[in-house]
Amino acid sequence: MTATNDDSHTIQNDAIEKSLHRAVAYIRNQQTDGWWPYNHGLGPSTEATAWCALAIMVAADKSIATFADTVSFLLKTQNKDGGWSTSPGIKISEWSSSPALLALRLLPDKSDNRSGEIARAIDQAFSFLFEMRTDYWRPIGRLLVFLSKGAEGLNYGRGWPWTHDTAHWVEPTSYALLALKLPHLPDKVSLREAAKHANLYFHEHACRTGEGAPPCGWNHGSNYCLEVFLPPYTVTTAEALVALQDDARNDTVAGGIKHLLQANDDSNSALALAWSIIALDAYGSSDCRKKLMRLVEQQKADGSFGPNNLVTATAVIALSAGQGRNLLKFGQAVN
Amino acid sequence: MHKHPNIHRRQFLKAAAAALTLGGCVGQANSSNDPAVLAPATEAQLAWRKKGQSTVGLIKCESYEENIFKQIKPYLAALALPNLTGKTVVLKPNMVEWHPGKPITTNPAVIKAAVELVDYLGAKEIIIGEGPGHMRDTEFLLNNSGIGKMVNTLGLRFVDLNLDDLEKVPNPDNFSGINYFYLPKTIVHADAVVSLPKLKTHHWVGATCSMKNMFGTVPGRRYGWPKNILHNHGIPNCIIDLVHLVKPAFALVDAIVAMEGDGPINGTAKDTGYLALGTDLAAVDATCIRTMNIPLEQLSYIRRAGQVIGNIDPAHITVIGSSVTALAQDFIKPITLTRHELLAESTKSAS
């Protein structure tokens, strides 16, 4: 007897459901007082905490206690400048501020009686992110550009660095844009301008195979170096695409989607598959099923997708997207 | 006589961290990125330099299929590698990126030989540790480079140095202007770190070998992917700082297949057919770079290493095994060695 497409889909949906259930159980077991480490046995990671809690939330395995603890952790570990550091003791704010802000925007339950405190923390975090952006112009330089070229002269691609006073790169820019745009862009001119300039950064830094060739995705941010065109990576391409959903008509987006669809999934990792699924689903691609099944195949016996909790959390978000709940799809806020 | 740097490296890093906690430190900054400029070193910066003659083994090895450790073993006595009895040893390969057909990463066969070597030297625990410089997807790099399979087959522990817990470590010799680094606990608490680089041309610093390989000990979770702060403070100076801080016990260089041209990522394979081994990383790197026919005077970090790390003058390096002359080949040079004006871009786009 031959299985029909419907039978096949039912079997696949069951596999996704089981995989999701096991992965969520694994992540929940990795938690200590509302925070998560990157790897088992390590200390708290701001980034892993944000994504693990969000993953549990989107998998609809809601536990108010879990998120209340995570929100407490994030409030307690916010630095005075409004940002976060990779782990609480360091106290130097950097790129980890973006996932922390995203979690603080999406996690709190409506019944949380700390809404005023949370709103203040979010405002401070927005201010920090705005100030942290990379700029090659000193104030006097910006003034000269403004005087010589007008306001349009300052309208150039400008993303986020990993740490203060360094260049902008694809991943911290993606994370910052997600924190700004989800669940929606704040109604504040400065932040909207910042988002617009970051979108422009992505369009200017897309990889190409040569002069005049169409865009084909993103790497870490070095698309052209010393007269050489450099190739894209899967994870960074997917992350950039997710951040660019509100600017989807640009040809860099089409090039990025094509890169993900053509990627060799046999050599791809769980992280690359998960981000690809999240991105393709966000753009309405119906071509995720094979990647979802490939992702399910990569699950370990303990329910994880590898030693790094961040990878398992991303896989949970991808599997949830496969069930129609994409945490990172614009216009589909979960909480 | 020179005291081997690894002997007290853990004590040094721990004491340095404690000193920072108690009162901080002040270092002299020299953030010059100009290869022509070499500021005078201070007494403190010079203190750690290897004294006396250095020995470097150039060991012919045509293929990764050979029994590499067997090739190395006859030279061990002459190389005076440290006794690692009871020690925890971190082997640090290069896994910066992976692209099909490009010899970017240290070959797993060389890492396996290093495992056999440190086991032979008495190591109690052997950890493979790396913090890839550009890609956050460590699993992808482990799988595709073959390093993951080798680690699993040998039952070793791999530590992603990008994600490890961190310790604040002052940078007392401070060539870069960075007063302290956050380093992975696995590196800070190891008794010995062994550098296992791939020999490659490098478009920002000319060539990369065992000293530049220490960039992978700097954690991405604090500094990013790439670790852009190291570029902003001058790659040459940061290389020297990290060698002074991490104090690698010795280096085993994968020069069986090297990279020429637009290294360290986008170059092409070059059959070089040897391994280099030695405890003085300046001497190891200088000797390897001589086999590439790249003039050392063009590489500012090598010249600086000759001042404050070890020997780069061939008169002070005893080469055993093969000879530089026998192994030397013309490498296609990276573009920045002929067009120096491009170095000005390094603070903005170096990676």
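Tutor: A salt bridge is counted here when a side-chain nitrogen of Lys or Arg lies within 4 Å of a carboxyl oxygen of Asp or Glu. Side chains of opposite charge can pair when their charged atoms come close. By this rule, 16 salt bridges are counted over all chains. In chain A, a network of salt bridges links Asp266(A), Arg294(A) and Glu297(A).

Two notes on reading the model come before the other pairs. The model is predicted, so local features need pLDDT of at least 70 and side-chain atom pairs count only at pLDDT 80 or more, while totals for chains, interfaces and linings use all residues; side-chain values use heavy atoms, with hydrogens and water left out. Residues are numbered from 1 along each chain as its sequence is written, and chains are lettered from A and ligands numbered from 1 in the order in which they are written.

Buried means under 20% relative accessible area, exposed means over 50%, and partly exposed is in between, with a 1.4 Å probe and protein chains only. A contact means heavy atoms within 4.5 Å. Among the contacts in chain B between residues at least 6 apart in sequence, 80% join residues at least 24 apart.

Start with a pair inside one helix. The side chains of Glu116(B) and Lys112(B) meet in a salt bridge, at 3.9 Å from N to O. Both belong to helix α5 (residues 108-120) of chain B, and because they are 4 residues apart there, about one helical turn separates them. As for accessibility, Glu116(B) is partly exposed, with a relative accessible area of 30%. Lys112(B) is partly exposed too, at 37%.

Asp165(B) forms a salt bridge with Arg221(B), their closest N and O atoms being 3.9 Å apart. This pair links distant parts of the chain, 56 residues apart: Asp165(B) is in the loop between β4 and β5 (166-170) of chain B, and Arg221(B) is in helix α9 (residues 220-223) of chain B. Asp165(B) is buried, with a relative accessible area of 17%. Arg221(B) also counts as buried, at 0% relative accessibility.

A further pair joins two strands. In the salt bridge between Lys198(B) and Asp254(B), the closest N and O atoms are 3.0 Å apart. Lys198(B) lies in strand β8 (residues 198-202) and Asp254(B) in strand β10 (residues 250-260), both of chain B, so the pair ties together parts that are 56 residues apart in sequence. Lys198(B) and Asp254(B) are both buried.

That leaves the boundary between the two chains. There, 38 residues of chain B are in contact with 43 residues of chain A. Together the two chains bury about 3,200 Å², with 56% of it on carbon and sulfur atoms. Buried area here is the accessible area (1.4 Å probe) that two parts lose on being put together, summed over both. On the side of chain B, the residues that lose the most area to chain A are Arg136(B), Arg221(B) and Arg222(B), together 22% of what that side buries.

Between chain B and chain A, the count is 2 salt bridges. One of them joins Arg339(B) to Glu227(A), with the closest N and O atoms 2.8 Å apart.
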